[in-house]
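Let's take a walk through this one together, strand by strand. Have the coordinates open as you read.

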Amino acid sequence: MKRISLTSLFIYAMALLFGGSCLKEVSLDAIRPPCKEEMEPTISMKEVKELYKDQVFQIQEELFMEGYVISSDRAGNFFGTLHFQDNRENPQHGMQLEMDLRDSHLWFPKGSRILISLKGLYLGKSGEVYKLGSALLSFGNLSVGRLPVKAVHEHLWVDCSGPFDIVPTQVQVDSIDAGMVNTLVQLENMEFVDADLGKTYADFEEETERTLQECNGEEITLLNSGYADFQAALIPEGSGFVRGALLMDNNKYRLAVRDLEDVDLSDPRCVPVPDEFTSTAIFISELADPENNTGARFVELYNAATEALDLNGWTLRRYTNANTAVSSTIDLSDMEIGPQSTLLISPNAEEFALVYGFAPDLAASTNSPADSNGDDNLELVDPFGTVVDVFGIIGEDGSGTNHEFEDGRAVRKSHIISANPIYTFEEWEIYNDTGDAGTTDLPRNAPMDFTPGQRD
Amino acid sequence: MRLFLIITVLFSICCKAFCQERYTVSGKLVDKGNQLPLTTVVLEIDGLDVGKSNADGTFTINWTPGEFVLVLSSPDHVPKKLPLVLTETDLELGTIYMERDITLEQADNLISLTAPDMGEEEDISVSSGLLQATRDVFLSRAAFDFGQAFFRVRGYDSKNGTVMINGVAMNGLLDGRPQWNHWGGLNDVTRNQEFSNGLQVSNYGFGGILGTSNINMLPSGLRPGTRISTSASNRTYRGRIMATHTSPNRSKGLHYTLSASRRWAGEGYMNGTNYDAYSLFGAMEYKFGPINSVALTAIGAFNKRGGSAALTQEVADLAGRKYNPYWGPLGDGAKNSRERNIAEPILMFNHYLKTGSFKLTTGVAYRFGEYARSRLGYYNAPNPDPTYYGYLPSYYINSPIGANFESAQMAREAFLREPQIQWEQLFMANGNRDPNEGAAYILYDDVVRNNHLMINTLSNMDMGEHFQMDAGLGYRQLKSDNHAKISDLLGAGFHRDMDTFSDTRNDVNGELQKYENDIFNYHYYMDAAVLEAFVQLRANYRKWEGSVSGNYTATSYQREGLFLNERFDDSYGKGEAVRFNALGAKAGLTYKLNGRHWLNVQGALIDRAPTIQNVFINPRENNQVVPHIQQENIFALDATYFLRLPALKGRVTGFYSRFMNVTDVNFFFVDSGVGSDFVQEVLTGMDHLHMGIECGLEYQVSAAVKLSGVANIGKYLYASDPFVSINFDTSGNGEEILDPGGSIDLGAAAIKDHRLAQGPQHAFALGVEYRDPKYWWVGATANYLARNYANISTISRTRSFYLDPETGAPFPEATEENVAKILEQRPMKDFYLLNLVGGKSWLVNNKYISVFISVNNLFDTLFRTGGYEQSRNGNYGQMVQDQKSGTPSFATKYWYGYGRTYFLNFAIGF
């Protein structure tokens, strides 16, 4: 060792120096996008749903399912879930992933195509909602829990070529079915219900429900997060479309928007739907003042038309004796009268039922138009204030006239099928205890001399 | 001052009694290998410094007749002991050959071994670098063997040690610590050091209570010739090459030294810790004659290295001791998110004036450049740290709604498959971000640009043969520019410079959109100035020696904000100047029973200004200063027995030091009993107590075999219950604010008698060294280290810990007993380390060739070097919930020591 070659010593030293390093430092310019160029699913969403039998289970097979993301937590309205459907348009199925990843839009923005590696994920179903995620065992019940953050990035891959435009399915509230859950839907002609106007989208830090209605009145709940960016924004008062992920909870559909771009209610509010109708097919068909029982008095109306009619806004007025001012009124608003059917109004429903063996359609009070002692005048008025039908002559006490039915009965002749705002004696058969002015002096007794509910 | 006079008078009286006739001893010192004269060899008799060899290797000393041992020591050579008998005539010793010390190569790897990565949350300060020059066996063990376990001499922070280059103090003003990186990699030119231990009087200044080290970088103090070395290691770096040339020694004219080195690693011992450093050194010294000389020195040490993190037990169990969450794979390599990049060159001018009894040393140094630490910022986006508590299995185990083992298992598996930062995902997130929102993730630097001027003048005066007086005046001025700078937008178009929690602006007067290389987040100047004067008197007698020193320090700090921060009114412009005036005094007395047994007692009373980082509460955002800030008061006392038998030498020291009125500022996110927020915690009125015994013995069994034994039995405690207050911003965005005043006083923290986190408090070593006459040597040391404690969280020791943040009332279960139980401080596990060193050298054609190897922790023992309790669980209820499972989410974080590592060095000198 006296003669050592310095050169060989240094060659050896250098070999030691450069041989040991196992990791090299690189610059940030070396970044490649972590998305996938090609992603081929091996199972359809429909087939995945069919894997589910009756309880939450862990998928053990190496399976890959594709999906198009329809939710976004960018505005904070979604939290802890990712919703996706099986197609860019006309989706047949949708599912959701429960996860702990926040700000997931930074990796899975709306419209992105994702490939989900199913192996190891748990699949569950609550109601009609299919869920993927981790598992959560509480009190012996296994349910789908949130997937840990790092596992999300392991199981979900994104297609480089996205995000894509997802075409929302146009639906109406009453055409929504369970198959549309977790797909993107768009409802036209929507507006917030009157009761919600003036409110914000959500209460601060509270999950808040607001109600949307179609112009035809069908309602659906809009679910908003109290942490959303737009939580404090006032809901718009106009009408238009609302787009969002269709969710379902407790068998109730809900809609959740990604952000306010999904809400366009800039048109004027919906034109109110007419719910007050007039008709000349409705008229007074029988009036009863039985001699033997004043408690069995009634008024019968008849609808000669072949369609039912909502009597919203209709009234029956009584002018007692010679009065020219209305003495009492019955509001018929809640009533509907069936086609070629009667409507019976009794001032004493109990007695009526006792006497005639069935209940009247409407119970009125004593001294109401249904409780006339036979010398009063009656008017049937439509919602627009027009007198459609009349009995007697206003301002003329009936006693001794052709419109007196005291202790008797006034019945519309059976061929009359139309109302008449001018009292026409010829249309009536009238029984009373005087027989004046062409009437028949023949007091009538209940129940045998009356025909409530029947048009002769 | 009165004491000073009395001692002076006493010394003069003693002189009269002992002064005798003197004769000269002279000789010439020559390197045994290359026959070159040896300069600046220190000459000692009975532990007394009696002179140095001259430029031509000759020396002359005056001494009284009798028997004594002359000890010759030089940084590069084996100390030589010459037993002499001086009769009443001058003695000429002729040429004395000194042998090259083949163990000195050991010092080459010292700094790389003991400058472990600094965590963001807790700084580690190890003083080993300070000790490399010493031949004290205790301190050598402390540096070379205990250092790897973050042992600190007497439990002191390194800011208690003063490090000088050519007499100019180099300690930083921000934290008071010497920054070894400023001259890292220049081992060849930093070898000539003079160290005074503890309170021992130094030739160079008043010094700190840990000691004073002066690195003499003058070419005349370095070994002439050329040295080239190359090293391989698996510690902080993988490889190093170093070359140094010093011009031949002459008594007059120009001298120079040039040195350069490079160190590198793709990955050090800890995963993903890249390392890239190069260092350059040039010094010119011109001697006008024997009296005057000047020197110009330039030091440039450029260092870039990747950091590693402290880990919770859970993470270490999952991923191992080398695991480092700070890096992530990138392309075919890796990128560390927390790099330190230091480029702070030093320029220095020195003047030396030396007459027979008077020496005047003047230095002007200027340090400038940049210290940058990188990190990832995230804005309305998930935390990119893979060990963030929400990503770990314990998150599911500790869930308040019950443990979820299925998800915990999933999280565990996913973490193990992908435990690093996912750079690509960060780019993807920025790509998917709404372009108007700016970046979700950016990589930025916390930058400190320093302009540090240091002026120092020192006089050493021999007053008669028994007295020496030293006096010095120093001035240090720092202007530092502190800011954050965007280094990479990671694919984003811009960064939106807002605080995302309160939605307020960081830079109201600046642009909201910031781009790469823009300053953002915070920007301020910190100005500091320190004027220091000291004077000391020493007396040396045959039987005893004594010293007394006093110093005065005037310090001022002032912040100037350059950003108007929306959250604070006092963020912009100059704040109040904070001033401190401090006095210190120390004295020592040594009594020599004879040349073999000495006793020494030293004491000090020192006031000192708190460092900048403990004066300003939140300097990044405002001008606030700790209210009623006080200076620290230090009391230190030690007593030593020295033994210098021919075969056995060593010492035993007992020490007792108390640091009083210590101020400390910490910051963290806490869920306290008074609410949750990111807070700055201010501790005032804190006392620390350091006491113990240190002992080192060295036994020369034969000419070749040496045994050594070293022990440190220390107790480092908190000695008071400090007052705690927390500070926070009040610009919540709809969120609850703890207090509209921005500060809450939490009262006293019950931490008295808790242990300080200052490294192992017990340390023992046994060593054996064999030095073969054929120029090879081996050594082994067995080390046992114990009683190391993690840093405690003070906020959880205040009364606020008892409070339920929901109700504001104490938790019913939070009894004194239960709280004491859950907060009990336990030591880390003790451990054994076996270290081996060895080397051989050859002399071939007048060239020295040497090989040195060291293997540390031969048995690959797993051990912790330090740690800190996380302050997040600031209330009893939450801590109980978090700890139920045994795997808390906010557990104490620990640093792990290196396993088996090696360092191999080849060197040629000619």
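Leaving aside its neighbours within four places in sequence, which residues is B:Ala577 in contact with? Before getting to that, some ground rules: this is a predicted model, in which local features need pLDDT of at least 70 and side-chain atom pairs count only at pLDDT 80 or more, while totals for chains, interfaces and linings use all residues. Residues are numbered from 1 along each chain as its sequence is written, and chains are lettered from A and ligands numbered from 1 in the order in which they are written.

Back to B:Ala577, then. Beyond those sequence neighbours, B:Ala577 is in contact with B:Ser556 and B:Gln558 (contact means that the C-beta atoms, placed from the backbone, lie within 7 Å). You'll find B:Ala577 in the loop between strands S31 (573–574) and S32 (578–592) of chain B; strands here are DSSP runs of E with at least two residues, numbered from the N terminus. B:Ala577 counts as exposed because 12 other C-beta atoms lie within 10 Å (the cut-offs are 12 or fewer for exposed, 20 or more for buried and in between for partly exposed, with C-beta atoms placed from the backbone).

Now for some strand pairing in chain B, where two strands pair if DSSP finds at least two bridges between them. S24 (residues 467–488) and S29 (residues 519–540) of chain B run antiparallel, with 19 bridges, and B:Leu478 sits opposite B:Ala528 of S29(B). S29(B) also pairs with S30 (residues 544–561) of chain B, again in the antiparallel sense, over 17 bridges. Those two are joined as a hairpin through three residues, and B:Asn540 faces B:Glu545 in S30(B).

Further along comes another hairpin, made by S42(B) and S43(B) with two residues between them. In its turn, B:Asn845 has a positive phi of about 50°. Nine bridges link S42 (residues 831–844) to S43 (residues 847–856) of chain B in antiparallel fashion, with B:Trp842 opposite B:Ile849. On to S47 (residues 901–909) of chain B: S43(B) is joined to this strand by nine bridges, also antiparallel, and B:Val855 has B:Tyr902 as its bridge partner there.

Chain B also has an open, mixed sheet of four strands in the order S9-S8-S11-S10. Its edges are S9 (168–169) and S10 (193–197), each pairing on one side only. S8 (residues 161–165) meets S9(B) antiparallel over two bridges, and B:Met164 stands across from B:Ala169.

Over in chain A, seven strands make an open sheet with mixed pairing, ordered S24-S23-S18-S17-S27-S28-S29. S24 (362–363) and S29 (440–441) of chain A each have a single partner strand, so one side of each lacks a neighbour in the sheet. Inside that order, S18 (residues 298–303) and S23 (residues 341–346) of chain A run antiparallel with five bridges, and A:Leu301 is opposite A:Leu343.

How far should you trust it? The model scores ipTM 0.85 and pTM 0.82. Chain B has a mean pLDDT of 89, with 94% of its residues at 70 or more (pLDDT is the predictor's confidence in each residue, from 0 to 100). Residues 1–19 of chain B stay under 50, with 16 contacts beyond four places in sequence. Residues 112–124 of chain B are also below 50, and this stretch has 29 contacts beyond near neighbours in sequence. Where pLDDT is low, predicted coordinates should not be read in detail.

Methods: Contact = placed C-beta atoms within 7 Å.
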